[in-house]
Amino acid sequence: MLVLGIESSCDETGVALVEAQGSATPLLRAHALHSQIAMHQAYGGVVPELASRDHIRRVLPLAQTVFAEAGRQLGDVDVVAYTRGPGLAGALLVGAGVACALGAALGKPVLGVHHLEGHLLSPFLSADPPEFPFVALLVSGGHTQLMRVDGVGHYEILGETIDDAAGEAFDKSAKLMGLPYPGGPWLARLSEQGDATAFKLPRPLLHSGDLDFSFAGLKTAVMTQARKLGDQLEARKADLAASTQAAIVEVLLKKSIAALEATGMNRLVVAGGVGANQDLRRQLDAACAKRGVRVHYPELHLCTDNGAMIAMAAAMRLQAGMAEASTRYAFDVKPRWPLDSLQAA
Ligand code: ATP
Ligand code: MG
Ligand code: FE
């Protein structure tokens, strides 16, 4: 079964081919990505209308690249998968429209995929994929959730952010320090030259006794600190960045360990853009090694949005009998779509 996957939920256009044989973990045959970051950077954030228009320009050329790379033809495709939500409505509509048009033209069924399920299953694209069940820490630009994952489609949210996501905390703090958009990777890089103990920043909900997160207060504390520094901000920027990263990482680490203890599981899967953060990886690896817990990450370049994770999620859902691809080519998108509502699907 050859699955073509199309991702267009935000500011990355991603196209990929994943092949599934029997019940073996599906394999990535080729993927291509165009990031719109440079286009949106001038505005300090994603401009939805520009994003949609750019997806339209990019998606077919990316598909051609992917077919050439995999040595396959359009006619070899068995299922066309696309991101149905959550994300920007106009951006989602581009991927959904292209996928359904391709499906209709080829006479092949289509399947709408949940973007976060894509992130969640992205570690299965690595050479050493995890096994179910596991605890998942999903840390992206818009979401921060701890989940109990018993199998494809069996997701229980153990805790989540009550305000900002971890990626948002990185991005907003970075913006306050004058770093380019999206700030997460920039802040992480700057942190390497800073002293993480230089500023005392809050660790929100660290001792709340539950598995929820809150990052809005941290952002405010960073803003207050940046204002206090005034002219000195430039000179102390690396210290402030390192202190901010340390606060975010400590909360993610402690809550992940608490989730492992609460569920009694010995496997942790990290997914989403913030999962690319090296400090988070180092600290999770160290803490989990001590406890005999295996940690799985997506490959670095597949942490942020991509088409491979969408094709993978579709292939795994179909394999597990948790979804059926459809030849009804009418489509809708779901800009808001909670992941745990998928269970019923
Ligand atoms: P969602 O998946 O919730 O809809 P999204 O698609 O925008 O949101 P992702 O693409 O998974 O999110 O991740 C993007 C986020 O990851 C951004 O907030 C970005 O700053 C952050 N990020 C990427 N690399 C790093 C890094 N090395 N350190 C910290 N944050 C990072
Ligand atoms: Mg993005
Ligand atoms: Fe994402």
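This predicted model has an average protein pLDDT of 97, and 99% of the residues score at least 70. The predictor gives the complex an ipTM of 0.99 and a pTM of 0.97.

**Exercise 1. Ligand shell**

Describe the residues around ligand 1: which come nearest, which elements supply them, and how do they divide by class?

*Solution.* 
1. Start with the nearest residues. The shell holds 23 residues, and G141, G142, G167, G184 and G273 come nearest to ligand 1.
2. Assign elements. Two or more shell residues come from each of α4 (115-121), α5 (166-176) and α6 (183-191). The largest share, four residues, belongs to α6.
3. Sort by class. The shell around ligand 1 has 14 polar, seven nonpolar and two charged residues. Gly counts as polar.

**Exercise 2. Nonpolar core**

Find the residues with the most contacts inside the largest nonpolar core, then trace the contacts of A314.

*Solution.* 
1. Take the core. The largest one has 105 residues. Those with the most contacts inside it are V18, A81, A136, A311, M312 and A314.
2. Find the main contributor. Helix α8 (residues 233-263) gives the largest share of this core, 11 residues.
3. Follow A314. Set aside its neighbours within four places in sequence. A314 is then in contact with V3, G5, V79, A81, L111 and V113.

**Exercise 3. Annotated span**

Which residues does UniProt list for "domain: Gcp-like", and how far apart are the end C-alpha atoms of that span?

*Solution.* 
1. Read the record. The unreviewed UniProt entry lists residues 30-311 for "domain: Gcp-like".
2. Check the ends. The end C-alpha atoms of residues 30-311 lie 11 Å apart.

Notes
Residues numbered from 1 in each chain as written. Chains lettered and ligands numbered in written order. Predicted model: local features only at pLDDT ≥ 70, side-chain atom pairs only at ≥ 80, totals over all residues. Core = buried A, V, L, I, M, F, W, Y, C linked by C-beta atoms within 7 Å. Buried ≥ 20, exposed ≤ 12 C-beta atoms within 10 Å, placed from the backbone. Contact = placed C-beta atoms within 7 Å. UniProt positions renumbered as here; feature names shortened; annotations may be inferred. Near = placed C-beta within 6 Å. pLDDT = per-residue confidence, 0-100.
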